[in-house]
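Have the sequence and the 3D view open side by side.

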Amino acid sequence: MRKKSTAFYLIPLILLLTIVPLIVHVCKIHTNLSQFDWYTTIDDVNDFFLYYKSVAITWIAAVMCALLAWRYAAKKKEFKLCYEMIPVLVYAVLTLLSSLFSEYRYFSFHGAQEMFETVWVLLGYCVIAFYAYQFVNTIEDVDCIMMWLTVGLGVMLIVGIMQAVGHDLFETPLGHLWVMGLDKDRQLGLVFEKGRVFLTVYNPNYVASYFALMIPVEIAMLVKSRKWIYRIIYAVFLVASLVCLLASGNRSGIVAFAVTAVLTIVLLYKRILKAWKIVVPSIAVAAVIAVAFISRNDFILEKFIRLFSAPDLAQDAVSEIVTGDEDVAVTYLGNVFRVSYEVYDDGYVLHMVDDDGQELSNTLDEQNYLYSITDERFLGVTVQVVNLNEQVALAVNVDSRDWYFQKGEDGTYYYYNVFGKWDKINNAPRVAADFLEKKFEERGTIWSKTIPMLKNCILFGTGADTYTVTYPQDDYVDKVYDGTTTAIDVKPHCFYLQVATQSGIPALIAILVFYIWYFITSFKLYRTAAYENGLEIIGAGLLLATFTYMVISFLNDSTVSVAPIYWIMMGMGIAVNEIVKKQRAQEEALAAKNAGSTSGVDNKSAGRPDVNAQSASNDAAIGREDVKSGRQSAKAASSNVKKGKKGQKR
């Protein structure tokens, strides 16, 4: 039984499961991004969902470190260590080194806009996993954690269901107080459409990550519960969770649960067959809910289709623009033309040539200083000399789009972007563009540009939370044609690419080793389980929850809104596995002892002689003793006679 004196050790875990996910409050932050030419000049923005969560995680992890140190000093013999945590330590060290050696250390230690997964937060995740492993030691500990997890989930479901029915809690006076505090004048502008569920995790994408962890654990608790009242509660929670997941409009969650369903069948097929009376109706209810939502929300089906397919788009007319040292080279419909100019006291000289240096034929509108290229390869292209910010610049119109260029003080050419800054155009390298471009709802395009970044992450990454400033935000040609000139990509939409680019490829390998090690150990353990023990049910639930999370992480990033729950479940999962193994070993030892005791009794019975024969043997022995006693008496009498004779002689 868990001692009351050690119960307080679970408080940090309870806070991470209940309070931290619900933290939503306005905070003005300084992005420090205006130093980059691809970002606006405005540095101050408001954050509602992430910054304070990041701060809370950091402080709770610090408290955990103090409690771990106290535990080690006070009860060193009870301090647990295991080999499975070694990859976590490797990941932590590599993440710290990547951040320390980073060119952008500021963002690693202070956080980046819309993420705030600083190096302190990432190290905190590692501490959280080890802490959960260290202090979850009994079934009482597990039950306590699960109870508070259920409480946190219940509050989250209230928020989600209200959003799903179109009555967002954040639009009520209570919600305004929650987010804005006592500032009644400020308004909370929500960017998601009415009826879309985003909970308190900031983005509907993270709703899928949240329920990837919650739904398998809810099912485990439903199966484990013996009282009908608890079963009803968890059944209601499951239905509400499914509604929220579907109302988020997230397709990755559906894909992840489909994959997990296969693992569940492989792992629990015997139990599923035995419980078919419960399983079949449950699947039917889930199917009815899913069909009802999809039939009323066409955007879910459309977005699901777009997840794996891309619309047939025409090839961009301008595939590349190079702002070079001597000119601007534009690749238009597969052909290259170059533009440059020289400014003199009495005017300017404009040069327009093809890639071979041949002058391009053109006509001049002298009134507007507009040159129209008449070469059939570049029909429709115009070049105009303009006054931009009191300086001579070129306005090149290609494919009905205007591009402005200027020769800088260093004598090389620059592009005038939407933020009013002069910058070099970066034609970012891509991989598997034909396969990835526009797939997975634009994730494929981001992946195709992110993968080439890995060549610089062979040992260390660019540092925690530096993806925003290392991703090619200055790929202006692609942005213009995508209509995303003001958008900033702050994440790769893939947890594995996120780790590899920021912490390094070896750090990613460490994370994969950590999970695969846990997965194989758990699969072997629960494949043969009878599931008559509540811990075995919880252990299997944790395995399925973390597996679903890892599957969905191919399409989602790590986030301070959900990641702490995953790391708690990983630490708990390892701890529960150890408890289950010990219980099985004790049961096997007891069974062997009982078998040995029974065998010993049988052996004694088999070797026992016949009672009558034993009695006869005893009588014979007694007779022999009597004869022996008679002989000894005769000898004593004879000895006395001899002594008497000797006495007479004297």
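The pLDDT is the predictor's confidence in each residue, on a scale from 0 to 100. It is needed here because this is a predicted model. For the protein, the mean pLDDT is 85, and 83% of the residues reach 70 or more. Confidence is highest in helix H3 (residues 86-100), with a mean of 98, and lowest in helix H21 (residues 611-649), with a mean of 43. Over residues 605-650 the pLDDT is below 50, and beyond near neighbours in sequence this stretch has one contact in the model. Where pLDDT is low, the predicted coordinates should not be read in detail.

Next comes the protein as a whole. Its secondary structure consists of 21 helices and 13 strands. Of its 650 residues, 49% are buried. The accessible surface is about 32800 Å², and carbon and sulfur atoms contribute 60% of that area. How much of the contacts with a separation of 6 or more comes from residues 24 or more positions apart? Such residues account for 68% of these contacts in the protein.

Is helix H1 (residues 11-18) mostly covered or mostly uncovered? It is mostly covered, since six of its eight residues are buried. These buried residues are Pro 12, Leu 13, Ile 14, Leu 16, Leu 17 and Thr 18.

Two pairs of helices show how such elements can be arranged against each other. The crossing in which H2 passes H5 is left-handed. On the H2 side, the residues that meet H5 include Ile 57, Ala 61, Met 64, Leu 67 and Leu 68. On the H5 side, Trp 120, Val 121, Tyr 125, Ile 128 and Phe 135 are among those that meet H2.

In the other pair, helix H8 (residues 204-224) packs with helix H19 (residues 534-552) at an angle of about 165 degrees, and the axes lie 8 Å apart. Angles over 145 degrees count as roughly antiparallel, so H8 and H19 are roughly antiparallel to each other. H8 passes H19 in a right-handed crossing. The H8 residues that meet H19 include Ala 208, Ala 212, Leu 213, Pro 216 and Val 217. Among their counterparts in H19 are Gly 534, Ile 537, Gly 541, Leu 544 and Tyr 549.

How values were computed. Residues numbered from 1 in each chain as written. Predicted model: local features only at pLDDT ≥ 70, side-chain atom pairs only at ≥ 80, totals over all residues. Heavy atoms only, no water. Helix = DSSP H or I, 4+ residues; strand = E, 2+ residues; numbered from the N terminus. Buried < 20%, exposed > 50% of the residue type's maximum accessible area, 1.4 Å probe, protein only. Contact = heavy atoms within 4.5 Å. Areas by Shrake-Rupley, 256 points an atom, 1.4 Å probe, with all protein chains shown as cover. Axes fitted to C-alpha atoms, helices over the stretch in contact; angles between N-to-C directions. Parallel < 35°, antiparallel > 145°, perpendicular 65-115°, else oblique. Left-handed = near helix turned anticlockwise from the far one by under 90°.
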